[in-house]
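Have the structure open as you read.

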Amino acid sequence: MEIQSVKMAFFSPTGTSKAIIQAVAQGINHDKVELIDLTRPDIRKQALKTTENELLIVAVPVYAGRVPGLLMGWLQSLEANNTPCVCIAVYGNREYDDALLELKESLEKQGCKPVAGAAYIGEHSFSAEDTPIAVARPDENDLKHAEAFGVKIREKLDSLASVGEIPGLEVPGNRPYKAMGGKISTDFIEVSDACTQCGICEDLCPVNAIDYANDIMVDQDLCIRCCACIKGCPEGARSMKASQVKDVAKWLCDNCKAPKEPVNFL
Ligand SMILES: Cc1cc2nc3c(=O)[nH]c(=O)nc-3n(C[C@H](O)[C@H](O)[C@H](O)COP(=O)(O)O)c2cc1C
């Protein structure tokens with residue numbers, strides 16, 4: 001099957017989903033690749049149209065066992081015309097639950113034809129020095145695995161004569177998808193005197209929840225607890241204070257220690 005270009009769409013506040021999708025793209029080794037960074041609010045407003053001669057790869061972090069809710073608008077605006085797609089869920093070593101199935105079915109609904117799916121492990125957004133969770137994942141082995149997955153995708157596409165030949169893809173997950181549960185408080189960030197008001201956190205925030213006039217203020221209604229501002233602060237001025245989120249981090253640290261392995265579905 002002739003693929004004219006590869007479109008890589010990802011949402012990645014703390015960079016692990018981006019690292020995985022880039023390794024997959026390296027394995028696919030196509031000379032025409034376009035990055036669509038859905039972490040940026042302006043990019044999520046742009047509807048995407050794709051054809052059957054393109055390959056769409058979408059990578060998202062798992063939030064509460066699901067696709068992050070703020071991506072639904074973009075996903076529903078996608079106009080895919082029989083576009084082969086690859087679905088990737090990146091999770092913080094607890095579980096990916098129904099996220100991969102939800103991503104696959106959301107893309108199918110818009111006209112995509114899933115060729116492959118995968119779940120990879122990334123350092124948990126809530127990981128901190130005193131509550132380490134899947135620290136430094138994806139590691140070298142994860143990235144090698146993701147690159148090899150890209151090679152397998154290319155081989156599968158090469159073995160098919162047309163989009164019509166893509167067989168149905170099964171991925172784990174249940175319907176109805178996992179209930180979102182009660183929203184835990186977003187009042188969990190502490191800012192120390194080390195903050196220089198440099199504004200980097202404002203640019204990293206995927207939902208514009210940080211005040212442009214005062215980096216210390218976080219709009220609690222907008223915050224999605226992604227931790228991009230904590231992990232991306234060059235001064236280490238932002239951290240998690242005692243809070244519901246910190247309690248979750250402690251639980252994850254105690255209960256999700258055994259490193260999980262990536263899985264591919266082809
Ligand atoms: C609000 C929220 C909910 C999360 N829920 C889960 C989950 O259900 N299971 C899991 O293993 N990891 C969960 N994580 C961790 C992320 O999926 C994981 O850290 C991922 O690698 C982050 O991707 P990114 O680096 O691209 O932002 C959650 C993270 C956040 C911020």
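Leucine 107 touches Leu56, Val58, Leu75, Leu78, Cys85, Cys87 and Cys112, leaving aside residues up to four places away in sequence; contact here means heavy atoms within 4.5 Å. This is a predicted model, so local features need pLDDT of at least 70 and side-chain atom pairs count only at pLDDT 80 or more, while totals for chains, interfaces and linings use all residues. Residues are numbered from 1 along each chain as its sequence is written, and side-chain values use heavy atoms, with hydrogens and water left out.

Leu107 is also one of the five residues that touch the most other members of the largest nonpolar core, a set of 37 residues; the others are Leu38, Leu56, Leu75 and Leu103. A nonpolar core is a set of buried Ala, Val, Leu, Ile, Met, Phe, Trp, Tyr and Cys residues joined through side-chain atoms within 4.5 Å. Strand 4, helix 3, strand 6, helix 4 and strand 7 each put in at least two residues, and helix 4 gives the largest share, with five. There's a second, separate core of 28 residues, which includes Ala23, Ala118, Ala146 and Val163.

## Helix 4, mostly covered

How many of the residues of helix 4 are buried? Nine of the 11, in a helix that runs over residues 99-109. After the helix comes glycine 111, with a positive phi near 105°.

The largest pocket holds about 980 Å³ of space. It is lined by 37 residues, and Tyr63, Ala64, Gly65, Phe126 and Arg225 lie nearest its centre. By type, the lining splits into 18 nonpolar, 13 polar and six charged residues. (Ala, Val, Leu, Ile, Met, Phe, Trp, Tyr, Cys and Pro count as nonpolar, Asp, Glu, Lys and Arg as charged, and the others, Gly among them, as polar.)

The largest cavity holds about 110 Å³, and Ile189, Cys205, Cys223, Cys226 and Cys229 are the closest to its centre among 15 lining residues. That lining has 14 nonpolar residues, no polar ones and one charged. On a 1 Å grid over the protein atoms alone, a cavity is a set of points where a 1.4 Å probe fits but cannot get out, and a pocket is an open set with protein on both sides within 12 Å along at least five of seven lines; lining residues have an atom within 4 Å of a point. Grid points are joined across faces, edges and corners, and a volume is the space filled by probe spheres set on the points.

Most residues other than glycine have a negative phi, and most peptide bonds are trans. Alanine 64 has a positive phi of about 50°; this residue sits in the loop between strand 4 and helix 3 and counts as partly exposed at 43% relative accessibility. Alanine 134 has a positive phi too, near 55°, but counts as buried at 18%.

Another cis bond runs from arginine 175 to proline 176, with omega near -10°.

Methods
Buried < 20%, exposed > 50% of the residue type's maximum accessible area, 1.4 Å probe, protein only. Helix = DSSP H or I, 4+ residues; strand = E, 2+ residues; numbered from the N terminus.
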